[in-house]
Amino acid sequence: MQSKVHVRTAINGEPAEFLCEPRQSLLECLRDLCNLTGTKEGCNDGNCGACTVEMDGRIVTSCLVLGVEAEGAQIGTVEGLARGTELHPLQKAFLENAALQCGICTPGFLVAAKALLEQEPEPSEARIRLWLANNLCRCTGYDKIIRAVQQAAREMKEARP
Amino acid sequence: MQWFDYAAPRSVAEAVSLLDGRPDARILAGGTDLLVQIRSRRRTCGLVVDGKRIPELNELSFDPAAGLTLGAAVPCYRIYGDRAVRSAYPSLAEVAGLIGGTAIQGRASIGGNLCNSAPSADAVPLLIALGAQCRLAGPGGGRTVAVEQFCTAPGRNLLGAGELLVSLRIPAPAPGFAAHYLRFIPRNEMDIAVAGAGVSLRIQDGVIREARVALASVAPVPLFARAAGEALAGKTPGPEAFHQAAEAARAAASPITDMRGTVEYRRHLCAVLTRRALEAAAREVH
């Protein structure tokens, strides 16, 4: 039986390391070993998207990634969105549009929406809905989330030089 | 999750030696099936062999003469993000965008979709229609098998002890060639096919020279409906020929009734989806 594995990675641009069992998911490693509890566990089988994080430039459900696979990777979590006390335009737009109620799904929506707007700054409503189909919310009925993403896209466009 | 060891080999030979003599070892690509199965105890696994550090499993390259080499661990987002795939195999780019949602497509691979060997695997009927071949490696060396021979029963395939899927080879599209996959699901996205049809056509001088039809979710394995494709050879593309192929697809299906649909409904879907996929492929040729 293998002992624990020393994993060297980068989380939100900062070098990070942790000692994990091969069976521990990246989600568990982030929450329990790195104390980054912004990423949430929902279904733990890839359906709900609450645990969505960025990994080497694309989004993944961290419950379906092993912590050991993060060796040498670049991981982005919801903790990396705000700059100090300055919230990311998506976070502001979620607050202003009441795009959350219980909040468990919110970190996953934020990380997924950020990846979309970085790739496609002006997505259509249909495109936003399809991109976020991997994220489930049982509170808002989605419309407020879609409006928040649209507002953030507009504000990010205006802020660009 | 149950305890397992983890290895990340750097070569196919190293992976084969890790798998050989370890019936409890499993190859990991995107993990979107494997890790779910281990966690829910549907599969026991003592050793996870991560294939993603092996260059051959990550290869995605197109040669206008030789066709496409698609490494077994290449995730869906790389497939639909690839310019050559989008231009030479638009149907493949489309099917990579059908599997799961965005975050699943960041990990899940077409090779994994095939090795999971579900009858409902969306990519497999299209691979069969495209005439894809599997390149396998094992303790006895390498071998090549057609995708339609790969799956043997639900969740089972012909991979032997110590053997793994290295890559898929898809022939270069000939002039007049087009392929298309259609599935029926009751939602807009992220669902398992009630039935699906993957087709390809090669039309030359207004006549179908060659056609292939394969079906999802209507047999114990993704089903190559050879007769449906053969019914089209030599015909003029159009309603009459497509109707005959659709009826042959309906006859080839041997579905079951379950929570997703009844036998009658699935047979009906086979005919409708085959006809519509053929119409779409024929439109693409022009």
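Strand 13 of chain B and strand 14 (residues 223–224) of chain B run antiparallel and are joined by 2 bridges. This is a predicted model, in which local features need pLDDT of at least 70, side-chain atom pairs count only at pLDDT 80 or more, and totals for chains, interfaces and linings use all residues. Residues are numbered from 1 along each chain as its sequence is written, and chains are lettered from A and ligands numbered from 1 in the order in which they are written.

Strands are DSSP runs (E, at least two residues) numbered from the N terminus, and two of them pair if DSSP finds at least two bridges between them. Strand 12 (residues 195–204) of chain B also pairs with strand 13 of chain B, in the antiparallel sense.

| Hairpin, chain B | Residues between strands | Residue with positive phi |
|---|---|---|
| Strand 12 and strand 13 | 2 residues | B:Asp205, about 50° |
| Strand 13 and strand 14 | 6 residues | B:Ser217, near 65° |

B:Arg202 has B:Glu210 as its bridge partner in strand 13 of chain B, while B:Leu215 stands opposite B:Leu223 in strand 14 of chain B. Strand 13 (residues 207–216) of chain B is largely enclosed by the rest of the structure, because 7 of its 10 residues are buried (20 or more other C-beta atoms, placed from the backbone, within 10 Å of a residue's own).

In chain A, the domain assignment, automatic or from a database, gives domain 1 (5–80) and domain 2 (89–159). Their C-alpha centres lie 21 Å apart.

How values were computed: Buried ≥ 20, exposed ≤ 12 C-beta atoms within 10 Å, placed from the backbone. Helix = DSSP H or I, 4+ residues; strand = E, 2+ residues; numbered from the N terminus.
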